Protein chains: 4
Amino acid sequence: MLEELKQQVCEVNLQLVAAGLVIRTWGNASGLDRARGLVVIKPSGVPYEQMTPAQMVVVALESGKVLEGALNPSTDTPTHLVLYRAFPNIGAVIHTHSKFATMWAQAGRELPCFGTTHADLCYGPVPVTRPLTRQEIEADYEWHTGKVIVERFHLGRLDANQVPAVLLEGHAPFVWGATTAQALANAIALEVVAELALHTLALQPLAQPISQALLDKHFLRKHGTQAYYGQKT
Amino acid sequence: MLEELKQQVCEVNLQLVAAGLVIRTWGNASGLDRARGLVVIKPSGVPYEQMTPAQMVVVALESGKVLEGALNPSTDTPTHLVLYRAFPNIGAVIHTHSKFATMWAQAGRELPCFGTTHADLCYGPVPVTRPLTRQEIEADYEWHTGKVIVERFHLGRLDANQVPAVLLEGHAPFVWGATTAQALANAIALEVVAELALHTLALQPLAQPISQALLDKHFLRKHGTQAYYGQKT
Amino acid sequence: MLEELKQQVCEVNLQLVAAGLVIRTWGNASGLDRARGLVVIKPSGVPYEQMTPAQMVVVALESGKVLEGALNPSTDTPTHLVLYRAFPNIGAVIHTHSKFATMWAQAGRELPCFGTTHADLCYGPVPVTRPLTRQEIEADYEWHTGKVIVERFHLGRLDANQVPAVLLEGHAPFVWGATTAQALANAIALEVVAELALHTLALQPLAQPISQALLDKHFLRKHGTQAYYGQKT
Amino acid sequence: MLEELKQQVCEVNLQLVAAGLVIRTWGNASGLDRARGLVVIKPSGVPYEQMTPAQMVVVALESGKVLEGALNPSTDTPTHLVLYRAFPNIGAVIHTHSKFATMWAQAGRELPCFGTTHADLCYGPVPVTRPLTRQEIEADYEWHTGKVIVERFHLGRLDANQVPAVLLEGHAPFVWGATTAQALANAIALEVVAELALHTLALQPLAQPISQALLDKHFLRKHGTQAYYGQKT
């Protein structure tokens, strides 16, 4: 079942490698069929060179049960499920250890919006989570990982539709979108924005975010009902 | 009409991707037929993999009207038009978010001439614009973007023939040249020079620009009536 | 003899170049047949483009004598032998001058565990050796190189099964694993982790290592008897 | 005449591009037939894609006269000639604007020997020249460029056989070797060493050069009469 989604999920996993965002097996992508309550996700630790759509694992959104697939799903599956349950408009989740985003996560710093490249992607800074506690790490680590992301959005009154990524403190980014294609585009953009910001600070240690007016302009010309970038569809 | 220019403009857009200066759809190039008052520009938000000369849009230099083309022109078209009107010798304009030049733009720092690689490209520092005001951003943003570039050249008494690029504060570079080939060469060189300067400062935070004599020597052996670099044509 | 191991050792040497970890001839990999007490190692200074399994040199683990092969073994052979003798579970050793790991070695700094990418590879920081003395350099340099690595593990009560790499002060990394494939994977991961840590410090000069709980979680979900990452084999 | 040397010089110019050391036309390589007093050098400003051995220009070592070739020789030809006259054992000269070496040149800092990768290439730091005076720039610039290099070696009592490269202040490196192949290998190594040193300083701003004993060991195991690296020839 879900052959088309398996195809898409397999494809986006391979494109993460092609885009240089995933090295070795350090990453995973999933897609959601929300109507049916089913998630399709990459198997755990399988080499990308041999990955096929048939290897993708089908997991129930609510119960987390594996419904189809001969291989173990990604160890990070519980994190994906928490995000799908909390953010009602997202249809795909990507986790990578892409280098520049990971540096910010390791530094425990949120990624400020220093320019329009960032504003085109995300409506404000990319947030960083708090560290997990020892208790959260020791029991149900991957589920708690999802929980601290959702907590961060809740406490910061952030909208997952406008902020499509988060930095896990001491770990790496999670990124999402309405579709696997959009999540991939967001993951690529996040990595560029993280690289830009790293060296922006080298040139200007006291760099300030762009103005609210410029942030509004760029985010809203690409997103939302007033968007005028691109072609009408 | 303008089939040859469409070919050139399409080609230079593709070469920006090949040179690593444009990621996803973040960039646009245009060319001008000044005699006829017509600009050929990339359509907005179209994937580069499928771009063809026939998709290029023809816009009137003075009125900004779309004269030919089924797709919307680049959202940045008004910026291109302002530059063509203000700088009488340029025949091509390129906008990218190339990484190193964008870092300087985000830092709000002009790019000093730290070496002969820079002097071969540009007769002095690459200037940075002032930030746009809220009013300039909210109405006719892309037109005002062009206006602050022209203002910067006017106030600084800069010559667009000798300074073929500018950094838009909080945004990214615009680059130009007499032809699409020259604008492309300048965009590639700007990116290298921006990378060199970033790390020159890391090694020497108080680095000073090269001497006027060395700047004169390098710029003028490649440009102008006394040039002796390359082959006589 | 040892045709399969020669094949593997030749292959891993070539993959080091393909992965960008070895430039020119700056690196060497070896494999051990512990039951027979024989080491297979790359010849010294041979261009990678022309390397074949038949060129690999067979050396006795205990005596260091060349038993087979028309070419001189790598000049670093004595270092490999010391490591094989001291660390009873390793089956392959790799030496590179991979850029980011080498920067840390040149800086004389151990590589802290700033994130889970590192924790997946190594159970704690990657140690750095003390400098060799003049006497150690002047006589039996390559043997002493192995000795200071072993000394570092001994004094720090480090376990080579849990810490699969070391930084030679003023020089570059050595990496190992149970097999050539694992040593290669470790060498690739070390280089990524070294790059991440370099820029983590740029963003956060006072960055602290991740918590013991998170280190335990990540290292132990991939390694040891409680591992649950990947597929059961 | 000199068909083989033309072939080699053309080839090394193309390999500089393939190795990423030359962007656009920013570089040139030459080779010397010392017995005949003839230098073969790249033409000026010719695109690399179309370069052929037949385009190489033959110049007399002593007089600097063009003896063969339809195109102008590299504008930097006088610099090459000064180096060949001053350094009696070199047979090839390469000039690039390779990024990392150029950053050091722009910073006006000599490149310290922070590790064995450097020691394998160069017996001590890579020196940087003084800036040229206005007078030296305005008349016979390229000849004076050679002169300040030679002056630097003379004042520093440096041996061009042991120090195969120099950084031109505010400009970029010159590199040499006994053959075009060796000069190319040195240019590649210099660029790596410059990158390593840049980030070594980021990790350890007070980094010290390696000990004299380690420098001696590495340089002398690869160079000179006691060398034991590689294969006997």
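Visitor: Which residues do ring pairs link into a cluster with Phe87(A)?
Guide: Phe153(A) and Trp176(A). Keep in mind that this is a predicted model.

Visitor: How many aromatic pairs are there over all chains?
Guide: The count comes to 16. Take Phe87(A) and Phe153(A): their ring centres are 5.2 Å apart and their planes stand at 50°, so the pair is tilted. These two residues sit 66 places apart in the chain. Phe87(A) is in the loop between helix 2 (77-86) and strand 5 (92-96) of chain A, while Phe153(A) belongs to helix 6 (residues 141-155) of chain A.

Visitor: Is Phe87(A) buried or exposed? And Phe153(A)?
Guide: Phe87(A) counts as buried, at 8% relative accessibility. Phe153(A) is buried too, with a relative accessible area of 3%. The cut-off for buried is under 20%.

Visitor: Moving to chain D. How are the rings of Phe87(D) and Trp176(D) arranged?
Guide: They are tilted, because their planes stand at 45°, with the centres 5.2 Å apart. This pair also links distant parts of the chain, 89 residues apart. Phe87(D) lies in the loop between helix 2 and strand 5 of chain D, and Trp176(D) lies in strand 7 of chain D. Phe87(D) is buried at a relative accessible area of 7%. Trp176(D) is buried at 1%.

Visitor: You mentioned strand 7. In what order do the strands of the chain D sheet run?
Guide: The order is 4-3-2-1-5-7-6, in an open sheet of seven strands with antiparallel pairing. Strand 4 (66-68) and strand 6 (165-167) of chain D have a single partner strand each, so they stand at the edges with one side lacking a neighbour in the sheet. On average, neighbouring strands of this sheet are turned by 25° against each other, direction ignored.

Visitor: How many bridges hold strand 5 and strand 7 of chain D?
Guide: Four, in the antiparallel sense, between residues 92-96 and residues 173-177 of chain D. Within that pairing, His95(D) stands opposite Phe174(D).

Visitor: What lies across this sheet? Start with helix 2 of chain D: which strands does it cover?
Guide: Helix 2 (residues 77-86) of chain D lies across strands 1, 2, 3, 5 and 7 of chain D. It runs at about 40° to strand 1 of chain D. Helix 6 (residues 141-155) of chain D lies across strand 6 and strand 7 of chain D, at about 70° to strand 7 of chain D.

Visitor: What about helix 1 and helix 7 of chain D? At what angle do they cross?
Guide: Roughly 15°, with the axes coming within 10 Å. That angle is why helix 1 of chain D counts as roughly parallel to helix 7 of chain D. The crossing is right-handed.

Visitor: Which residues meet there?
Guide: From helix 1 of chain D: Gln8(D), Val9(D), Val12(D), Gln15(D) and Leu16(D). They meet Thr180(D), Leu184(D) and Ala187(D) in helix 7 of chain D.

Visitor: New topic, chain C. How many residues of strand 1 are buried?
Guide: Seven of seven in strand 1 (residues 27-33) of chain C. Gly27(C), Ala29(C), Gly31(C) and Asp33(C) point one way, and Asn28(C), Ser30(C) and Leu32(C) the other.

Visitor: Which strands does it pair with?
Guide: Strand 5 (residues 92-96) of chain C, antiparallel, through five bridges. Ala29(C) has Ile94(C) as its bridge partner there. Strand 2 (residues 38-41) of chain C is also antiparallel to strand 1 of chain C, with four bridges. Asp33(C) is partnered by Leu38(C) in strand 2 of chain C.

Visitor: Last one. What does Thr75(B) touch?
Guide: Arg221(A), Tyr228(A), Tyr229(A), Ser44(B) and Glu142(B), leaving aside residues up to four places away in sequence. Thr75(B) is buried at 9% relative accessibility.

Key. Residues numbered from 1 in each chain as written. Chains lettered and ligands numbered in written order. Predicted model: local features only at pLDDT ≥ 70, side-chain atom pairs only at ≥ 80, totals over all residues. Heavy atoms only, no water. Pairing = 2+ DSSP bridges. Axes fitted to C-alpha atoms, helices over the stretch in contact; angles between N-to-C directions. Contact = heavy atoms within 4.5 Å. Buried < 20%, exposed > 50% of the residue type's maximum accessible area, 1.4 Å probe, protein only. Phe/Tyr/Trp six-rings, centres within 6.5 Å; stacked < 30°, edge-to-face > 60°. Parallel < 35°, antiparallel > 145°, perpendicular 65-115°, else oblique. Left-handed = near helix turned anticlockwise from the far one by under 90°.
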